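Hi,

Here is the structure I promised to pass on. Have a look at it first, and then read my notes below.

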Amino acid sequence: MRRRRTEDGRGTADEHGGTEPDYRFTLANERTFLAWIRTAVSLLAAAVAVRQLVPPFSVPYAREILAVVCALLAFVIAVRAYPHWRRAQWAIRRGGPLPGSRLLPVLAATLAAVAAFTTVLVWVGDAA
């Protein structure tokens, strides 16, 4: 990528008109990306643990459903993390507003549903 000095003499501009941001913003954006990746890896580990280590519930295929939901959510997060990082980096370079993430409400809602489903399974399992 070709760079040139900005008109005010501070920083460098790329060929698309963006400027090199303060490194702290770039590193913060990278930490956020890595947090998404850690979340995806944790959900994947939870999927394996639920499927392999949790004793069967009284509800048929409950372990498998929980494992698949965790694994699918891990996949979605892993796939969406990089494009979000790229959009945020672009906004930082342009000095524009940071993009919102539609993934946050999806993650929150799905994890709330998993928690509710798990609570019901544990409750029903004790009653059976």
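A quick definition before we start: a residue is called buried when its relative accessible area is under 20%, exposed when that area is over 50%, and partly exposed in between. Keep in mind, too, that this is a predicted model.

With that in hand, let's start with helix α1. Its buried residues are Asn-29, Trp-36, Ala-40, Leu-43, Ala-47 and Val-50. The helix runs over residues 23–53, which makes 31 residues.

Next, the salt bridges. How many does a search of the whole structure find? It turns up three, and here they are one by one.

The pair Glu-20 and Arg-93 forms a salt bridge, with the closest N and O atoms 3.2 Å apart. Glu-20 sits in the loop between β2 (12–14) and α1, while Arg-93 belongs to helix α2, so this pair ties together parts that are 73 residues apart in sequence. Are the two partners buried or exposed? Glu-20 has 36% relative accessibility, so it counts as partly exposed. Arg-93 is buried, because its relative accessible area is 17%, and the cut-off for buried is under 20%.

Arg-51 and Glu-64 also form a salt bridge, and their closest N and O atoms are 3.7 Å apart. Here Arg-51 lies in helix α1 and Glu-64 in helix α2, so the pair ties together parts that are 13 residues apart in sequence. Both count as partly exposed: Arg-51 is at 34% relative accessibility and Glu-64 is at 23%.

Then there's Arg-24 with Asp-22, a salt bridge whose closest N and O atoms are 2.5 Å apart. Arg-24 counts as exposed because its relative accessibility is 52%, and exposed means over 50%. Asp-22 is partly exposed, with a relative accessible area of 26%.

Which residues form a positive surface patch? They are Arg-80, Arg-86, Arg-87 and Arg-102. Arg-87 has a relative accessible area of 34%, so it is partly exposed.

Cheers

Conventions
Residues are numbered from 1 along each chain as its sequence is written. This is a predicted model: local features need pLDDT of at least 70, side-chain atom pairs count only at pLDDT 80 or more; totals for chains, interfaces and linings use all residues. Side-chain values use heavy atoms; hydrogens and water are left out. Patches are made of residues with over 30% relative accessible area and no salt bridge: like charges are joined within 9 Å, nonpolar side chains (Val, Leu, Ile, Met, Phe, Trp, Tyr) within 5 Å. Accessible areas come from the Shrake-Rupley method with a 1.4 Å probe; for residues, only the protein chains shown count as cover. A salt bridge is a side-chain nitrogen of Lys or Arg within 4 Å of a carboxyl oxygen of Asp or Glu. Lys and Arg count as positive and Asp and Glu as negative; His and the chain ends are not counted. The place of a charge is taken as NZ of Lys, CZ of Arg, CG of Asp or CD of Glu. Buried means under 20% relative accessible area, exposed over 50%, partly exposed in between (1.4 Å probe, protein chains only). Helices (H or I, at least four residues) and strands (E, at least two) are DSSP runs, numbered from the N terminus. The expected span of a helix is 1.5 Å times one less than its number of residues.
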